[in-house]
Amino acid sequence: MRLPGFIGPSNPSRSGHVSLERTINLYPEVVDGGSGPSEPIMRGRPAVTPYTCLPGGPVRALWSEDGRCFGVGGDRFYEVLANRTSIARGVMAPDANPATISSNGTAGYQVLTTSGGRGYRFDLRHNRFAQITDPDLPRPLTMAAFVDGYFVGLRGNTRQFKISSLENGTSWDGLDLGEVSTSSDNLRAMVVLQRQLWLMGSKNTTVWYNNGASNFPFAPYGGAQIEHGILAPWSAVVLDNTIYYIGQDAHGRGQVWRMNGYTPVVVSTHAVQHQLGKSARLAEAVAWAMEYEKHLWYALYVPDLPTTWLFDVSTNAWMEWGVWDPDRANWRPFPARCHTCFNGQHLVGDPSTGAIYAVDLEVAEDTLVEAA
């Protein structure tokens, strides 16, 4: 007997009389073509196996490009190698937040990373790591990114950002300063999307672009003043050519949104928002994204929630991933809060240890590195 809709996404309502549905460690998938079922089938989530373990943890960032991979574990900057080992390249100021990693590639052979309000440069040609000492570097430097030949640094607790010299992350001019003047709220996050700089405050979002001006090349994009801000600075992720994030504005907070052009649209359900609302640390949520076999997943690691919540862009379905702890008889979040593709594999960084895991649908069970 067929029961359409009997198996579906996680949807635990506020009232148990309405819905108690939870989909944990599964995800729906529609069979393409052929004579397969028209209703979605449920597949088991991919398992994780250790790829390498950084001596310092937790893993705060992963980034790869052109055959090289880098990560931040604790207060160390590491290069992750194809032979599943790592090399510590430098020491940074400690930070409880994630780190950012960006690069200008072969135009300058520089990788810029942020930690503890400071910026650091890694020389790709000579494998040298050093703190950026230019006094005009934004302080505190909370995030950095690269767009149109410039490194961009977000200055914490202000409405300001700065840009580096062209293709040189070690050189910053005090006059190369941008400031959001259309709203009064401080900036919390910065995202680069399609060569535009999205500056997300606590209540508003503005978009800047490179207009080619000789004195300062970035200017606000006139049609993109968005009266909606971000709650969790590290929840903003680019996926499927747009931005997903946990937002807030003058009317409320805590929903998951995605940008439709320059208009934010809610993607979280009532049930998902109710579950996220149970967190006392939702502003600390960290998001990561992964594309795997036509599935586009936006994943939320929230420190005090028992599972990781994921939104599948390809099916518009929410689900939960986690690890069952038999000793404590409870769930723990899926062991990831950052992601990159390297050496033909999906790698994720553990939020509790220095473990970097490979994600694999062909593996049946997790192999986890336990915290010391």
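Analyst: In this text a residue is buried when its relative accessible area is under 20%, exposed when that area is over 50%, and partly exposed in between, with a 1.4 Å probe and protein chains only. The model is predicted, so local features need pLDDT of at least 70 and side-chain atom pairs count only at pLDDT 80 or more, while totals for chains, interfaces and linings use all residues. Residues are numbered from 1 along each chain as its sequence is written, and side-chain values use heavy atoms, with hydrogens and water left out.

User: Why is A299 called buried?

Analyst: The relative accessible area of A299 is 0%, and because the limit for buried is under 20%, A299 falls in that class. A299 is found in strand 28, residues 295-301, where a strand is a DSSP run of E with at least two residues, numbered from the N terminus.

User: What does A299 touch, not counting residues up to four places away in sequence?

Analyst: With contact taken as heavy atoms within 4.5 Å, A299 touches V286, A287, W288, T308, W309 and L310.

User: Why does S164 count as buried, and what does its side chain reach?

Analyst: S164 has a relative accessibility of 1%, and therefore counts as buried. The residue lies in strand 16, residues 160-165, and its side chain reaches the backbone oxygen of N168 at 3.5 Å.

User: What makes the pair of W297 and W321 edge-to-face?

Analyst: The ring centres of W297 and W321 are 4.9 Å apart and the planes stand at 70°, so the pair is edge-to-face. W297 lies in strand 28 and W321 in strand 30 (residues 317-325), so the pair ties together parts 24 residues apart in sequence. Both W297 and W321 are buried. Elsewhere, ring pairs link W63, F70, F77, Y120, F122 and F129 into a cluster.

User: Why is I101 called buried, and what does it touch?

Analyst: The relative accessible area of I101 is 12%, so I101 is buried. I101 has its place in strand 10; not counting residues up to four places away in sequence, it touches A61, W63, F70, G71, V72, F77, V111, L112 and T113.

User: Which residues lie nearest the centre of the largest pocket, and what is its lining by class?

Analyst: On a 1 Å grid over the protein atoms alone, a pocket is an open set of points with protein on both sides within 12 Å along at least five of seven lines, a cavity is a set where a 1.4 Å probe fits but cannot get out, and lining residues have an atom within 4 Å of a point. The largest pocket is lined by 38 residues, with L62, W63, I101, V237 and V238 nearest its centre. About 1100 Å³ of space lies in this pocket, a volume being the space filled by probe spheres set on grid points joined across faces, edges and corners. The lining has 28 nonpolar, six polar and four charged residues, where Ala, Val, Leu, Ile, Met, Phe, Trp, Tyr, Cys and Pro count as nonpolar, Asp, Glu, Lys and Arg as charged, and the others, Gly among them, as polar. Strand 27 gives the largest share of this lining, six residues.

User: How many cavities of 30 Å³ or more are there, and what lines the largest?

Analyst: The count comes to one cavity of 30 Å³ or more. The largest cavity is lined by V180, S183, D185, L187, L199, G201, N204, T205 and T206, and strand 19 (196-201) and strand 20 (205-210) are the elements that give two or more residues to this lining.

Notes. Helix = DSSP H or I, 4+ residues; strand = E, 2+ residues; numbered from the N terminus. Polar contact = N/O pair within 3.5 Å; in protein donor to acceptor, adjacent residues only side chain to side chain. Phe/Tyr/Trp six-rings, centres within 6.5 Å; stacked < 30°, edge-to-face > 60°.
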